[in-house]
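Please keep the sequence and the structure in view while reading.

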Amino acid sequence: MKAIICGAGISGLSAAAFLDRAGWDVVVVEQADGPRPQGYMIDFFGPGWQAANALGIVHRIRELGYRVERLEYVDSRGNARATLSLAKLSRIAKGEFVSILRPDLELAIREALPHRVDLRYGRTVVAVGQGRASVTATLDDNAVLEADLLIGADGIHSVVRELVFGPEEEFFHYLGFQVGAYSFRDWDVAAQIGDRFAVTDTRNEAMFFYRLRDGRITAMAVHRSDDAALPEDQQAMLRSRYRNLGWICPAALRQCPKDFYYDQVAQIRMERWHTNRVVLLGDAAAAVSLLAGQGASLGMAAAFVLADELMTGADLRQALDTFETRIRPSVSASQEAGVSAAQWFVPATRYAALMRRTMIRLEGIPGMERLISSALIGKSGAAL
Ligand SMILES: Cc1cc2nc3c(=O)[nH]c(=O)nc-3n(C[C@H](O)[C@H](O)[C@H](O)COP(=O)(O)OP(=O)(O)OC[C@H]3O[C@@H](n4cnc5c(N)ncnc54)[C@H](O)[C@@H]3O)c2cc1C
């Protein structure tokens, strides 16, 4: 059996690894010229952990990742107003909780791929043809690949989805936020961050900082915006919108590069993720958004379940139906959690900001830990 996978992100690489183990021939087509260096910090926990275990990469994820003890909401001088114990959250997740840069998680999965997997960078799919016995994908170099299954794992703005299921607007649900992420080097700023996740305790826009092992700082900026349109000059917008947050923010904004990750915060909601010989995976099928904080984990879990179903020997349609049935409850729970986490993530009002601080300060009260963890990490899916 042969699969073409469009997209070498977390979901696509995981699917390649699992299908290869199941004896499939796999070609992965990735539009970037090589592994994408741009990234942001991901909290990795939940159903993907089991998938990582099955791939034998948990030790590598722990090695590349970070065990952050605490997250502090800070005032305009960097002093903690409320401290959340991530160590406790990790205990609730039974230690299966790591913070890791997205490119590092991709690296851990890529390392698990044998050389026989045909990984083609700098290529994309421009046309898809479906027949009864096979599917074809035409690439932008005019190569035509034929396979039993085409997997669209090409992210929230999936081209496979657009080609096969319809225009993005039909499935794209903007959540009212935009996000930018980049990393930079500044020893003075790094010293002020220390060994915590530092988040500005602000309304409508917030910056998140963490100091990496090599001294770099990873910065994420999230703000509310009723207008879904992306600004033309994203660097200038960031610098102007966040300029009054105080503390290290002005220094961090000065070092925002021209080219950095910037996008809308959104979810993809579809009634079906497959048709005939094409199936969507990860963000392409069901982005849950950074507000839910489980997208990477669900992408890996979905890849695991997909390969599991394809291995049963059931006919393709049956396998894809069961795949959807197994994974959908976790995705739906995560999408709901994402929507309701919005006020926690970046409060819009003084009251919401106060509630967040109060909940964190009451963390020691029985039951409160779970309430906070479900606000932050959602209901951990029963996925697998
Ligand atoms: C700022 C931020 C913070 C986040 N934090 C968390 C978190 O804490 N925890 C968590 O679990 N998740 C988090 N997420 C979500 C997580 O990053 C995604 O859910 C996850 O990366 C999805 O993986 P994917 O492989 O499905 O898609 P992607 O990561 O988008 O990968 C898609 C791949 O397909 C490639 N591609 C795109 N178009 C084409 C094309 N036309 N042809 C060929 N290749 C193509 C892309 O280059 C990319 O390599 C966060 C997301 C953001 C933006």
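A search of the whole structure, which is a predicted model, finds 12 aromatic pairs. One of them is formed by Tyr66 and Tyr210, and its geometry is edge-to-face. The points below begin with this pair and then turn to the helices and the sheet.

**Aromatic pair**

- A pair of aromatic rings is described by the distance of the centres and the angle of the planes.
- For Tyr66 and Tyr210, the centres lie 5.5 Å apart and the planes stand at 80° to each other.
- An angle over 60° counts as edge-to-face, which is why this pair is given that name.
- The two residues are 144 residues apart, and their pair links distant parts of the chain.
- Tyr66 lies in the loop between α3 (58-64) and β4 (70-74), whereas Tyr210 belongs to strand β14 (residues 205-211).

**Helix α1 with helix α2**

- Helix α1 covers residues 10-21 and helix α2 covers residues 48-55; their axes come within 11 Å and cross at roughly 45°.
- The two helices are therefore oblique to each other.
- The crossing of α1 and α2 is left-handed.
- On the α1 side, the contact is made by Ala17, Phe18 and Arg21, and on the α2 side by Ala51, Ala54 and Leu55.
- Sorted by class, this contact has five nonpolar residues, one charged residue and no polar residues.

**Helix α1 with helix α5**

- Helix α1 also packs with helix α5 (residues 102-111), at an angle of about 10° and with the axes 9 Å apart.
- This angle makes α1 roughly parallel to α5.
- Ile10, Leu13 and Ser14 of α1 meet Arg102, Leu105, Glu106, Ile109 and Arg110 of α5.
- The contact of α1 with α5 comprises four nonpolar, one polar and three charged residues.

- Strands of a sheet pair through backbone hydrogen bonds, either parallel or antiparallel.
- Leu150 has Val278 in β18 as its bridge partner.

Technical notes: Residues are numbered from 1 along each chain as its sequence is written. This is a predicted model: local features need pLDDT of at least 70, side-chain atom pairs count only at pLDDT 80 or more; totals for chains, interfaces and linings use all residues. Side-chain values use heavy atoms; hydrogens and water are left out. Axes are lines fitted to C-alpha atoms, for helices over the stretch in contact, and angles run from 0 to 180 degrees between N-to-C directions. Helices (H or I, at least four residues) and strands (E, at least two) are DSSP runs, numbered from the N terminus. Angles under 35 degrees count as roughly parallel, over 145 as roughly antiparallel, 65 to 115 as roughly perpendicular and the rest as oblique. A crossing is left-handed if the near helix is turned anticlockwise from the far one by less than a right angle, and right-handed if clockwise. Contact means heavy atoms within 4.5 Å. Ala, Val, Leu, Ile, Met, Phe, Trp, Tyr, Cys and Pro count as nonpolar, Asp, Glu, Lys and Arg as charged, and the others, Gly among them, as polar. Two strands pair if DSSP finds at least two bridges between them. Rings of Phe, Tyr and Trp (its six-membered ring) pair if their centres lie within 6.5 Å; planes under 30 degrees apart count as stacked, over 60 as edge-to-face and the rest as tilted.
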